[in-house]
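Visitor: I'd like a quick tour of this protein model. Could you walk me through its charged pairs, its core and its surface?

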Amino acid sequence: MPTFIIFMNWTEQGFRNLKDAPKRAAAARELGKKMGVDIKHLYLTSGKTDLIAIVETASGDHVAKFCMMVGGQGNVRTTTVRAWPEAEYMKMIAELP
């Protein structure tokens with residue numbers, strides 16, 4: 001199943017309501033299940049990004065819709081990238097002409 005990495009930064013609203021973050025994370029996991037997005041890992045990070053989620057989903061459309069829903073709540077802004085595991089990208093490289 002395709003893997004995606006979602007980079008999240010708290011908005012001002014998200015920081016104001018920081019103590020609600022555990023509830024929001026649980027709600028996001030439930031929303032993800034309903035939308036076909038499985039949140040495998042969630043990390044608090046230092047540096048440019050506040051949170052990173054590693055998710056799996058059958059379709060990039062699912063993760064895009066999920067991010068629209070989560071971002072629409074106003075607590076985080078998201079940036080999403082598709083990720084290929086080492087074995088898959090090595091295979092892609094081997095198949096290059």
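**Salt bridges, core and surface**

Visitor: How many salt bridges does the structure hold?
Guide: A salt bridge here is a side-chain nitrogen of Lys or Arg within 4 Å of a carboxyl oxygen of Asp or Glu. Counted that way, the number of salt bridges in the structure is 6.

Visitor: Before we go on, what kind of model is this?
Guide: This is a predicted model, where local features need pLDDT of at least 70, side-chain atom pairs count only at pLDDT 80 or more, and totals for chains, interfaces and linings use all residues. Residues are numbered from 1 along each chain as its sequence is written, and side-chain values use heavy atoms, leaving out hydrogens and water.

Visitor: Is K33 buried or exposed?
Guide: K33 pairs with E30 in a salt bridge, with 3.6 Å between the closest N and O atoms. Buried means under 20% relative accessible area, exposed over 50%, and partly exposed in between (1.4 Å probe, protein chains only). E30, at 43%, is partly exposed. K33 has a relative accessible area of 60%, so K33 counts as exposed.

Visitor: Which residue is linked with D38 and K40 in a network of salt bridges?
Guide: K40 and D38 form a salt bridge, their closest N and O atoms being 2.9 Å apart. The network also takes in E56.

Visitor: Which residues touch the most other members of the largest nonpolar core?
Guide: A nonpolar core is a set of buried Ala, Val, Leu, Ile, Met, Phe, Trp, Tyr and Cys residues joined through side-chain atoms within 4.5 Å. The largest one has 16 residues, and those touching the most other members are I6, M8, V55, V63 and F66. Two or more residues each come from β1 (3-10), α2, β2 (37-44), β3 (51-57) and α3 (60-72).

Visitor: Where does M90 lie?
Guide: At 39% relative accessibility, M90 counts as partly exposed. As for its place in the chain, M90 lies in helix α4, residues 86-94.

Technical notes. Helix = DSSP H or I, 4+ residues; strand = E, 2+ residues; numbered from the N terminus.
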